[in-house]
Amino acid sequence: MRKCFQLLLAVFLITAAGCSEKTETSEKNEDGSTTIRIVMKDENPSNPASVKYFEALEKGLKEDEKLNVKFELVEMPQGNYAEKLNLLLMSGDIPDMIYFQGGDQQIADQDLLEDLTPHIEKSKYIKDKLEPWNKKRLENYPYLLWIKPLSQKTPVIRGDWFDKMASSKALMDDPTIDNYYAFFKELKTNPPGGKGKPSYAFTAAGDIEELNAIFNMSFGLTSSWLKKDGSFVYHKVSAEEKEKLAFYQKLYKEGLLDPGYLTKEWDTKEKAFYDGEAGVITGTAGKVIDIYNGKMMQTNGNEASVKVLPPAKGKGQGFGAADVTKEARGVAISSQSDKKELAFKILDYLASPEGQMIDRLGFEGEHYSTDSGEIDLTDTYYEQWFARFWEPSEFTPDMPLKKPLLSKEAETSLKLVNDFYQEDNLFILPEEYIANWDAMENLYKEYSTDIITGKRPLDDFDAFVKEWQAAGGKEITEYANKQLK
């Protein structure tokens, strides 16, 4: 598939070679506007909310920046976004602006994505909105831009249940692995919701990464490559990983971990939380926690507002080390576009005070009102609205906010993530290792899942390590030790 992809892109590059040398186009639509084609996850021309948002953005650009833009949203079929996007790009159809959620590196390797560095240096707003992790990621990989809070996941429980539990205080005062286990055990054996609610302490969407956000660092898994006796070992083949999997196996065996976590999607995970089937889930710090809070209160009353829980404490503590090799998702500009400058001006406008009013607050009359001389955010804002683009830490609208943008618990989640901020030591793998790496990661998923669910004994972890080394781990470990000196 990878070779086929590269061949198709090579053909496209030959046919499009002249395009990369073009200057900004003067071609206009009949109404004098310039069309910018954009592809974004969940933003389709068949979605009324998407159409309304981009119409509002068109109006703002025209009024505030005198930019007459017409957005053309690219319709994306249902299914895995990264896969569907790659199919679109493989066909040679490359929009001016592209939102990636994986799969971008092989596109960048074909020189199809614009280096954003010179644009950012000349920007009016963006250069002053970048967070430290944004700057480091752009230095390493200047093709994706994503000005958002750290995307670490934080655990939450409904507050009325938390208040009823005898183990809550001990967990908050000293969130050791043992105290977390006792907390999970009480959720299952003495359910605060009564009559078996919750059915299990924790659920996740399809894998253990959300559980890892709570526990990885407490088991000493504090970075992707752990230093052992003067050299580096990949964390998933370490003794600490084996110890953690033993703990997860225990959670699963005792019914504390949802037995159906492997087949859950994000929506069924969240439904289980709101319906009282699951006691604890994790969500991205900040706005996602706010959405959880709004929906939980809407479903179960204001007393059920969520409570953010701390990361487990042991050999380390935190919600996971932050990857600064590149943005895991973000907006790119096609290097083949003849409207690159205009496309970046749009991204820069979205970081301006006026652009932030559109992106952060939504639609006046629906998500907020200004009748009182203040910006009064509605329940609809807290329950539904999210910024499509940027969420810099500093946002000071011209009119004061009557209520904060985020609930107290959402703010708490952001503070915790920032308090425990630690950079990871990951690095971008050369192309020659990627196929093996993918196979090695799949091998880990197979073994770890079987160990957690009891299909394999814990001692099979040692067999996994040997297979991992033979599948390319030995060579990649040698490469890692050269990179991390």
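**Entry 1: ground rules**

I call a residue buried under 20% relative accessible area, exposed over 50%, and partly exposed in between, using a 1.4 Å probe and protein chains only. By that scale arginine 37, at 21% relative accessibility, is partly exposed.

I am working on a predicted model, where local features need pLDDT of at least 70, side-chain atom pairs count only at pLDDT 80 or more, and totals for chains, interfaces and linings use all residues. Residues are numbered from 1 along each chain as its sequence is written, and side-chain values use heavy atoms, with hydrogens and water left out.

My helices (H or I, at least four residues) and strands (E, at least two) are DSSP runs, numbered from the N terminus. I count two strands as paired if DSSP finds at least two bridges between them.

**Entry 2: the sheet with E1**

I looked up the strand order here and found E2-E1-E3-E10, an open sheet of four strands with mixed pairing. Strand E2 (69–73) and E10 are the edge strands, each pairing on one side only. On average, neighbouring strands are turned by 25° against each other, direction ignored. For angles I use axes fitted as lines to C-alpha atoms, for helices over the stretch in contact, with values from 0 to 180 degrees between N-to-C directions.

E1 and E2 are parallel, with five bridges, and threonine 35 sits opposite lysine 70 in E2. E3 and E10 are antiparallel over four bridges, and there tyrosine 99 faces valine 331 in E10.

Are the two faces of E10 covered or uncovered? Both are covered: Gly330 and Ala332 on one side, Val331 and Ile333 on the other, all buried.

H3 lies across E1 and E3, at about 145° to E3. Helix H14 (residues 340–349) lies across E1, E2, E3 and E10, and runs at about 155° to E10.

**Entry 3: the sheet with E8**

My next stop was another open sheet of four strands, ordered E5-E8-E4-E9, again with mixed pairing. Strand E5 (200–202) and strand E9 (306–308) are at its edges with a single partner strand each, so one side of each has no neighbour in the sheet. The twist averages 30° from one strand to the next.

E5 and strand E8 (residues 278–284) run parallel and are joined by two bridges. I found phenylalanine 202 opposite valine 280 in E8. Helix H13 (residues 287–300) lies across strand E4 (153–158), E8 and E9, at about 145° to E8.

**Entry 4: the E6–E7 hairpin**

Strand E6 (residues 225–228) pairs with E7 in the antiparallel sense over four bridges, with lysine 228 opposite serine 231 in E7. Two residues lie between the strands of this hairpin, and aspartate 229 takes a positive phi near 50°. Strand E7 (residues 231–234) has Phe232 and Tyr234 on its covered face, and Ser231 and Val233 on the uncovered one.

**Entry 5: salt bridges**

My criterion is a side-chain nitrogen of Lys or Arg within 4 Å of a carboxyl oxygen of Asp or Glu. The count comes to 29 salt bridges.

Arginine 37 forms one with aspartate 93, with the closest N and O atoms 2.8 Å apart. Arginine 37 belongs to strand E1 (residues 34–39) and aspartate 93 to the loop between helix H3 (81–90) and strand E3 (97–100), so the pair ties together parts 56 residues apart in sequence. Aspartate 93 is partly exposed at 26% relative accessible area.

Glutamate 327 and arginine 137 meet in a salt bridge at 3.0 Å, N to O. The two are 190 residues apart: glutamate 327 is in the loop between E9 and strand E10 (330–333), arginine 137 in helix H6 (residues 132–140). I noted glutamate 327 as buried at 3% and arginine 137 as buried at 11%.

What does Arg456 belong to? Together with Glu446, Asp450 and Asp460, Arg456 is part of a network of salt bridges. In the bridge between arginine 456 and glutamate 446, N to O is 3.3 Å. Glutamate 446 is partly exposed, at 40% relative accessible area.

**Entry 6: H18 against H19**

The axes of H18 and H19 come within 10 Å and cross at roughly 160°. Contacts run from H18 residues including Trp437, Tyr444 and Ile451 to a set in H19, among them Phe461, Trp468 and Tyr479.

Technical notes
Contact = heavy atoms within 4.5 Å.
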